[in-house]
Structures are given as C-alpha cells and as structure tokens.
Amino acid sequence: DSSSVKCVGQVQEAFVTVSANGNKYMRITVCDDFATKMFLFGNGRNNKLDNFLENKGELKDGDILILTGSRNGDIVYCDDMRKIDMPVGSKLKSDKKWIQTYQSV
C-alpha cells in the first residue's frame, strides 16, 4: 500500500551508504512533534542525492527538512528533499527571500 507523504521534520540521524545492488542512498531518521519516521533518498536517474549533497552539503543532527515522497510500509522513499537554512523560531515576515524560496513547497 503506497501513499504520498509531505512532511517537515528535524533530522535525528542521517548517513550515506551503498545498497547490495551498488546504488548510493541516504537513510534519514526524521522526527516532528508526533512521530519519528525513516526516509530513504537515492540517486535515481537524475542523481538527486549527489546533487543535494553537492549543493546543500551533508545533513547534521538537528537540521530541518521538507520531504516529499511515497510511503511503503514503515519507510518513505523521497522524491524531493529541501533543507531549511533558516533558524527555527525566527520571524518569517522579516525574511522575504526565505519566504519566496519556500513558497512553492
């Protein structure tokens, strides 16, 4: 049973590894106020993981992410992942650049 998922959460753990088939992927444990969930983010056809790591760098514990993907059982396979580069709790009205960047999410 597969369903679409979109969430905002805080990284508890993240690491990059290679599957038995030789595919590179990132395993991310993300939590919010209600639950903790595991996400897998792989390269796929468009090298999404490599592009993310090149542009945004490695994830650290405590980073805030916006994730979209599809759930299959207890795992969510990410289609897109965005790292929020703004401190939590700051006023959005005062940072128009941030608002424009994340309006489309």
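The largest nonpolar core of this predicted model holds 16 residues, and within this core Ile-28 and Met-81 touch the most other members. A nonpolar core is taken here as a set of buried Ala, Val, Leu, Ile, Met, Phe, Trp, Tyr and Cys residues joined through side-chain atoms within 4.5 Å; buried means under 20% relative accessible area, exposed over 50%, and partly exposed in between, with a 1.4 Å probe and protein chains only. Two or more residues of the core come from each of β1, β2, β3 (36-42), α1 (48-56), β4 (64-72) and β5 (75-84). These elements are DSSP runs numbered from the N terminus, with helices (H or I) of at least four residues and strands (E) of at least two. In soluble globular proteins, nonpolar side chains tend to be buried together.

Setting aside residues up to four places away in sequence, Ile-28 touches Val-11, Glu-13, Ala-14, Lys-37, Met-38, Phe-39, Phe-41, Leu-59, Leu-65 and Met-81, where contact means heavy atoms within 4.5 Å. Arg-27 belongs to strand β2 (residues 24-31) and is partly exposed, because its relative accessible area is 33%. With the sequence neighbours up to four places away again left out, the contacts of Arg-27 are Glu-13, Ala-14, Phe-15, Met-38, Phe-39 and Leu-40. Arg-27 and Thr-17 are 10 residues apart along the chain, and their C-alpha atoms are separated by 7.8 Å.

Val-8 counts as partly exposed because its relative accessibility is 47%. Beyond its neighbours within four places in sequence, Val-8 is in contact with Asp-32, Ile-64, Leu-65 and Ile-66.

Turning to the cysteines, a search of the whole structure finds 0 disulfides, a disulfide being a pair of cysteine sulfur atoms within 2.5 Å. Cys-31 is buried, at 17% relative accessible area, and its sulfur lies 9.9 Å from the closest cysteine sulfur, that of Cys-7, which is too far for a bond. Cys-78 is likewise buried, at 10%; the closest cysteine sulfur to its own is also in Cys-7, at 7.9 Å, again too far for a bond.

Residues are numbered from 1 along each chain as its sequence is written. In this predicted model, local features need pLDDT of at least 70 and side-chain atom pairs count only at pLDDT 80 or more, while totals for chains, interfaces and linings use all residues, and side-chain values use heavy atoms, with hydrogens and water left out.
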